[in-house]
Amino acid sequence: HTFEHKVFYLKKILDYSGKIRYSDVEIEYNPDYETVELISYFSVSPENVRIPVPENQVYDLNTDDAVWSPEYVHNRKKIINYPQIGPGYYIVLEYKIKSTRKIPLSGIEHFQESNPYLEKIMNINYPKKLNCRFEAHSSLSFSKKEKDGRIQLSWSIKNSPLIKEEPWSPDYLYSGKPVLFSFFKDWKEFNKDQFSKVFPKSGSKEVKELSDKISSGLKTEKEKVFAIYDHLAKNFTAKNSYIAAMDFTPEDMTKTIERKFGSSRDLTALFLALTEAAGIKNCEPAIKLSPEARLIKEKLKNLVLYDVFDEFVIHYNGILLDIGNVHQPYGYAGGFNSLVLLPGRSVPVEIILPEKNIISRKYEYDISGSDIIMSMGSVNTGMYDSWMRSFESFPENERGMRFFQWVIRDNTAELIEGPVFTNFGKLNEDMTVSYKIKKLRL
């Protein structure tokens, strides 16, 4: 089914932070299946004078990710530059986005955000033959009407205060009074229609040759799985991608092997094909959900929401593998506790890895005249392991400076030795780091 998303808003600029925020309004869309129609856009002065936006102040540009990863991110953005606004001014914008994407619609809309609302209304209008599943915050006003074979759902709120932006504040899925909706029947339907596309249909000659080359001489399943993981991490590049905006059918395996890069979808599919060619049957694709999705875990049992999809990973014997990332240790995919979708499960499930100390440190002190010499060694796992491996990206003569700025962060200290990184390239061993600093005795 195609759908149309229409937006109208009237915003008053209260202070200069509002001027900075709304002098440029951006509408992001995917031109592969979406078109944007601007209906009206202008500002109004405190004296109630309408100020049109000149045509040359409306732009259509690539998003940053579309520049960095054009093979997978095609998103563009319309930018409307309101030339004359300030405290007391109003901006008016009405537009609609038409989508021809042939999958059931789902989404999340927040009714309390970082700007206050005098009134906000959301309507969903659809044919009666469809079924919309939804969950909404209890404080919202709700109505449901039926007319001429169509259903209209409506949610509204008045005088919704702003949520002050602060470090470590809760995600809007918790605090933003959201409406969650989906036209998918359930996860079983999703698995059948979408998730199943990722499984390899048949192995090509190139896949078989690469699998044989990687696993040659290896005897155990575990050795082969790690060897394939290690090879893809060191020889392939995972490109930025919005999997929620992509079709789940992967690129041709031969093409991925030739160019040595791919989205998480493509590299996951290649990993599955390589392990299958090596005779390994218990690897399966998984979709890791965003960390914020844990806030609505219970609601996700009944709602398929594309907005919470994060990336494709591999599920193997209770662990998750992030394919094509040389800075990610084997068995760690960005967290020790992840909410994921698995092909054979009817709801998202938690994958919990055994508890480990993410970092253990050993300190040694020595006195030299007026100075304290401190030697430090650390063993890093999980996210700290991944962070330490990222220093491999910098030239060796630059690592010390970066390490001092980002890890030591003590302007009263002097780095006199190291840092020495052990186990770069050994993705199945913990990263160890050692260094020595000098500080003046007080």
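Two strands are taken to pair if DSSP finds at least two bridges between them. In this predicted model, strand S10 is joined to strand S13 (residues 178-182) by four bridges, and the two run antiparallel. Within this region, Arg-133 stands opposite Ser-182 of S13.

S10 and S13 belong to an open sheet of three strands, ordered S8-S13-S10, with antiparallel pairing. Strand S8 (106-110) and strand S10 (133-136) form the edges, each pairing on one side only. From one strand to the next, the twist averages 10°. In general, the strands of a sheet pair through backbone hydrogen bonds, in either a parallel or an antiparallel manner.

## The buried face of helix H9

Helix H9 spans residues 382-389, and its buried residues are Gly-382, Asp-385, Ser-386, Met-388 and Arg-389. Viewed down the axis of H9, these buried residues fall within an arc of 165°, and they therefore line one face of the helix. An α-helix has 3.6 residues a turn, so residues three or four places apart point the same way.

The packing partners of the buried H9 residues are strand S22 (371-380), helix H10 (396-408), strand S23 (413-422) and strand S24 (431-440).

Glu-251 is located in the loop between strand S14 (237-238) and helix H7 (253-259). Because its relative accessibility is 25%, Glu-251 counts as partly exposed; the buried class requires a value under 20%.

Leaving aside residues up to four places away in sequence, Glu-251 touches Tyr-72, Thr-256, Arg-259, Arg-265 and Asp-266. Glu-251 and Asp-385 are 134 residues apart along the chain, and their C-alpha atoms are separated by 31 Å.

Notes:
Residues are numbered from 1 along each chain as its sequence is written. This is a predicted model: local features need pLDDT of at least 70, side-chain atom pairs count only at pLDDT 80 or more; totals for chains, interfaces and linings use all residues. Side-chain values use heavy atoms; hydrogens and water are left out. Buried means under 20% relative accessible area, exposed over 50%, partly exposed in between (1.4 Å probe, protein chains only). The arc is that of the directions from the helix axis to the C-beta atoms. Contact means heavy atoms within 4.5 Å. Axes are lines fitted to C-alpha atoms, for helices over the stretch in contact, and angles run from 0 to 180 degrees between N-to-C directions.
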